[in-house]
Amino acid sequence: TYALMCPFFQTYAARACGASEVMVGLVFAALPLASCLASFPIGKMIANFGCSTCITAGLLLLTFSAAAFGMSRTISSWLCWRVVQGVASTAVLNSITNSLAIAFTEPGDFAFANGVLEVVTGAACTLSP
């Protein structure tokens, strides 16, 4: 979804509020940074509330933040909504990963299966265009 906005966002942000290339780069970098920082607290939330609750909450938050990002007109609001999108996407992706690992493993193999899922996901992100 963000591949569609990448070519146009820099021009739009420069015209809408005079954003520099550095500020546009910060807006794009906010999502993965927030995702990285939110991984540990989200893992604790999944353990406390369950996978399905975190998937639902994450999807709702991701939907709302994507709409709010599209309606925003300032760098600070774009940056804020990208951080929210990073946290929400972490909740969704970690919950799905845990659900898959629980569903397809024996009781003692959860950590191994979760590790394999993370390695495959990382390799796919690295090798994909």
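How far is the sulfur of Cys51 from the closest cysteine sulfur, and in which residue does that closest sulfur lie? I will come back to that in a moment, after a word on what we are looking at.

This is a predicted model, in which local features need pLDDT of at least 70 and side-chain atom pairs count only at pLDDT 80 or more, whereas totals for chains, interfaces and linings use all residues. Residues are numbered from 1 along each chain as its sequence is written, and side-chain values use heavy atoms, with hydrogens and water left out.

Now the cysteines. The closest cysteine sulfur to that of Cys51 is in Cys54, at 7.2 Å, which is too far for a bond, given that a disulfide is taken as a pair of cysteine sulfur atoms within 2.5 Å. A search of the whole structure accordingly gives zero disulfides.

Let me turn to the overall architecture. The protein chain has five helices and zero strands, where helices (H or I, at least four residues) and strands (E, at least two) are DSSP runs numbered from the N terminus. The C-alpha trace spans about 55 × 30 × 20 Å along its principal axes, and 30% of the 129 residues count as buried.

For the helix packing, axes are lines fitted to C-alpha atoms, for helices over the stretch in contact, and angles run from 0 to 180 degrees between N-to-C directions. Angles under 35 degrees count as roughly parallel, over 145 as roughly antiparallel, 65 to 115 as roughly perpendicular, and the rest as oblique. The axes of α2 and α3, the latter covering residues 51-71, come within 11 Å and cross at roughly 155°, and these two helices are therefore roughly antiparallel to each other. Helices α4 and α5, the latter covering residues 110-127, pack with their axes 9 Å apart at an angle of about 135°, so that α4 and α5 are oblique to each other.

Finally, the aromatic residues. Rings of Phe, Tyr and Trp (its six-membered ring) pair if their centres lie within 6.5 Å, and planes under 30 degrees apart count as stacked, over 60 as edge-to-face and the rest as tilted. By this rule there are five aromatic pairs. In one of them, the rings of Phe9 and Phe28 have centres 5.6 Å apart and planes at 80°, so the pair is edge-to-face. Phe9 belongs to helix α1 (residues 2-17) and Phe28 to helix α2 (residues 21-49), 19 residues apart, and the pair thus links distant parts of the chain. Phe9 counts as buried, at 6% relative accessibility, while Phe28, at 23%, counts as partly exposed. Phe9 also pairs with Trp78, with ring centres 4.9 Å apart and planes at 75°, so this pair is edge-to-face as well. Because Phe9 lies in α1 and Trp78 in α4 (residues 75-103), the pair ties together parts that are 69 residues apart in sequence.

Phe9, Tyr12, Phe28, Phe69 and Trp78 form one aromatic cluster. The charged end of Arg82 sits over the ring of Phe69, 6.0 Å from its centre, the rule being that NZ of Lys or CZ of Arg is within 6 Å of the ring centre and within 35 degrees of the ring normal.

How values were computed. Buried means under 20% relative accessible area, exposed over 50%, partly exposed in between (1.4 Å probe, protein chains only).
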